[in-house]
Amino acid sequence: DTWNMNGGIRLGLSSVYLDYEGIQVVDPNDPILATNKSSGLKTNLGWGLRFAHKDGHFLSLSQPRVLSYDFGGFSGAYKDVTYLYVNAGTRVRLNEQLTLIPSFMARMAQDVPLSWDVNGMVSWNAKFDGGLTYRHKDSFGMRFGVQANPKIYLGYIYEMPISGLSKVSNQTHEIAIRLSILNRVK
């Protein structure tokens with residue numbers, strides 16, 4: 001009576017293309033950097049589970065990519081890592097219209113250092129969301145979202161790297177769409 005469980009599955013396609021033209025390299029004769037590389041289209045599966053308490057506490061587990069690919073020297077030694085995500089947080093009702101949603105997320109994978117985020121979001125009338133995020137030693141960002149109708153949520157996420165990646169990439173923009181296929185049980 002006090003807990004709710006949601007879940008989902010994911011099917012995705014990805015392609016990695018490495019374009020070496022125009023970069024400065026230490027050894028211009030390195031055979032890996034002689035031609036551009038492409039992984040081609042690769043399919044993947046994912047899953048997620050979310051447990052929520054009526055008091056606002058929540059815990060979720062997910063693995064967006066179940067299959068891992070090692071493209072070896074063909075793609076400049078690119079490896080697709082299968083992370084396990086753990087997310088926990090709560091909802092704090094500030095007044096009739098505003099809800100504060102602090103959360104914490106950790107990413108774990110074999111042979112990869114633990115990565116974590118701290119997030120704070122404010123929801124207005126459960127229709128509009130806005131928030132900030134900090135990824136430990138990596139980036140900070142913001143997000144905005146709107147519950148367009150009972151079945152569709154649209155979001156925008158912006159991140160700016162603060163790690164060594166900031167020398168080659170200055171920002172990311174993401175569009176998020178969440179579809180609710182089944183009706184909620186009252």
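Reply: Let us begin with Phe-128, which is partly exposed because its relative accessibility is 42%; buried means under 20% relative accessible area, exposed over 50%, and partly exposed in between (1.4 Å probe, protein chains only). This is a predicted model, in which local features need pLDDT of at least 70, side-chain atom pairs count only at pLDDT 80 or more, and totals for chains, interfaces and linings use all residues. Residues are numbered from 1 along each chain as its sequence is written, and side-chain values use heavy atoms, leaving out hydrogens and water.

Me: How many aromatic pairs does a search of the whole structure find?

Reply: Rings of Phe, Tyr and Trp (its six-membered ring) pair if their centres lie within 6.5 Å; planes under 30 degrees apart count as stacked, over 60 as edge-to-face and the rest as tilted. The search of the whole structure gives four such pairs. Among them, Trp-116 and Tyr-134 are edge-to-face, with 6.3 Å centre to centre and 70° between the planes.

Me: Which parts of the chain does this pair link?

Reply: Strands are DSSP runs (E, at least two residues), numbered from the N terminus. Trp-116 belongs to strand β9 (residues 112-124) and Tyr-134 to strand β10 (residues 128-135), 18 residues apart. Trp-124 and Phe-128 form a stacked pair, at 5.6 Å centre to centre and 25° between the planes. Trp-124 is partly exposed because its relative accessible area is 38%.

Me: Which residues do ring pairs link into a cluster?

Reply: The cluster consists of Phe-104, Trp-116 and Tyr-134.

Technical notes:
Helix = DSSP H or I, 4+ residues; strand = E, 2+ residues; numbered from the N terminus.
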